[in-house]
Amino acid sequence: MENQLPSWNKLTDFEKYVIVDKGTERPGTGIYNAHFEEGTYTCKRCNSPLYTSADKFDGHCGWPSFDDEIEGAVKRKTDADGRRTEILCANCDAHLGHVFEGEHLTDKNVRHCVNSVSLNFEPVTVAEENVAIFAGGCFWGVEYYFAELPGVLKTEVGYTGGKKNNPSYREVCYTDTGHAEALQVTYDPSKVTYEELAKLFFEIHDPTQVDRQGPDVGTQYRSEVFYTNNNQKEIAEKLIAELEENGYKVATKVTEASTFWDAEEYHQMYYFKKNKTPYCHIKTERFK
């Protein structure tokens, strides 16, 4: 009867064996075992989103491994033998696999061991990407706070808001290109909202400083939000208004995004490569 429901997809015999009869595919045979493209993994039977690529890791077990699920998408049930915990699609009860804890494979200490055959995959396309661009002083420090934020898929430091195509770091720092050192964040809106990202931005740098951030002085270190749509603009302006109501004299500009030029590879994930922490960015709570 399950395949007669209009919202459920027709299953092959093997898919039914795993998804309905709770079977298991052989390790190392699934198409998503060594798959790390950006996107969302959905239920093979009902298309419900289950996992994002941001939570996928190599569990070295022969099956796709995730250390988190999309909130409310997966439910747990103790196996009949009482020893393992089954995971199922919360929408249609499709069997996904099992969940294990205490293996210390990631910081979350959880592994969803999922059959590839229980999944479909929807890749992120350029049109679907959610991108935020912030400038708040040295881009090394800004990236440090965003790079490991849950829901952030990718960070890139670079230059934007200037008048020269593809500028170099030396040109931005020592000539009048007009660019700001900036961070481009690609994020999953099911995990983190633009407002949450913008609040973090305003709390990891001093938005009252003009053309500088701590010891770094120059227009390239200015505070600026580069919005990619009107919703982002409205949120940034709302947060600035809240800060001003709280007594802050905000210098942050809100500007429509233009071309973002990637910085040299040396600058990408700088503090992580050097195993250091920012010297001019300190997280300070500014919103009540």
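Is Tyr-32 buried or exposed? Select Tyr-32 to begin: its relative accessible area is 10%, so Tyr-32 is buried, where buried means under 20% relative accessible area, exposed over 50% and partly exposed in between, computed with a 1.4 Å probe on protein chains only. The structure on screen is a predicted model, in which local features need pLDDT of at least 70 and side-chain atom pairs count only at pLDDT 80 or more, whereas totals for chains, interfaces and linings use all residues. Residues are numbered from 1 along each chain as its sequence is written, and side-chain values use heavy atoms, with hydrogens and water left out.

**The whole chain**

Zoom out to the whole chain, whose C-alpha atoms fill a box of roughly 65 × 35 × 35 Å along the principal axes. Of its 288 residues, 49% count as buried. Colouring by secondary structure shows 6 helices and 17 strands; these are DSSP runs numbered from the N terminus, helices being H or I with at least four residues and strands being E with at least two.

**Aromatic rings**

A search of the whole structure finds 20 aromatic pairs, and Tyr-32 and Phe-121 form one that is tilted, with 6.3 Å from centre to centre and 45 degrees between the planes. This pair links distant parts of the chain, since Tyr-32 lies in the loop between helix H1 (13-19) and strand S1 (39-43) while Phe-121 lies in strand S9 (residues 119-123), 89 residues apart. Rings of Phe, Tyr and Trp (its six-membered ring) are taken to pair if their centres lie within 6.5 Å, and planes under 30 degrees apart count as stacked, over 60 as edge-to-face and the rest as tilted. Phe-121 counts as buried because its relative accessibility is 16%.

Next select Trp-140, Tyr-144, Tyr-145, Tyr-266, Tyr-270, Tyr-271 and Phe-272, which form one aromatic cluster. Then show two rings with a charge over the face: Arg-45 lies over Trp-8 at 4.2 Å from the ring centre, and Lys-56 lies over Phe-36 at 4.2 Å from the ring centre. The criterion is that NZ of Lys or CZ of Arg is within 6 Å of the ring centre and within 35 degrees of the ring normal.

**The open sheet**

Now display the open sheet of 6 strands, which follow the order S16-S15-S10-S12-S11-S17 with mixed pairing; two strands pair if DSSP finds at least two bridges between them. The edge strands, each pairing on one side only, are S16 and strand S17 (261-262).

Select strand S15 (residues 223-227), which is mostly covered, with 5 of its 5 residues buried. Ser-223, Val-225 and Tyr-227 point one way from S15, whereas Glu-224 and Phe-226 point the other way. S15 pairs with strand S10 (residues 130-136) in the antiparallel sense over 4 bridges, and Gly-136 stands opposite Ser-223 there. S15 is also joined by 4 bridges to strand S16 (residues 253-256), and these two run parallel, with Tyr-227 opposite Glu-256.

Further along the sheet, strand S11 (residues 152-160) and strand S12 (residues 180-187) pair in the antiparallel sense over 8 bridges, and Gln-184 in S12 is the bridge partner of Glu-156.

**A hairpin and a buried glutamine**

Move to strand S5 (residues 74-78) and strand S6 (residues 85-89), which run antiparallel and are joined by 5 bridges. Val-74 has Cys-89 in S6 as its bridge partner. S5 and S6 form a hairpin with 6 residues between them, and Gly-82 in the turn has a positive phi of about 75 degrees.

Then pick Gln-232 in helix H5 (residues 230-245). Gln-232 counts as buried because its relative accessibility is 3%. The C-alpha atoms of Gln-232 and Glu-195 are separated by 8.0 Å, although these residues are 37 apart along the chain.

**The largest pocket**

Finish at the largest pocket, which is lined by 18 residues, with Ala-54, Asp-55, Lys-108, Glu-148 and Pro-150 nearest its centre. A pocket here is an open set of points on a 1 Å grid over the protein atoms alone, where a 1.4 Å probe fits, with protein on both sides within 12 Å along at least five of seven lines, and lining residues have an atom within 4 Å of a point.

Select Glu-148, which lies in the loop between helix H2 (139-146) and S11. Glu-148 counts as exposed because its relative accessibility is 64%. Glu-148 and Asp-67 are 81 residues apart in sequence and 14 Å apart in space, C-alpha to C-alpha.
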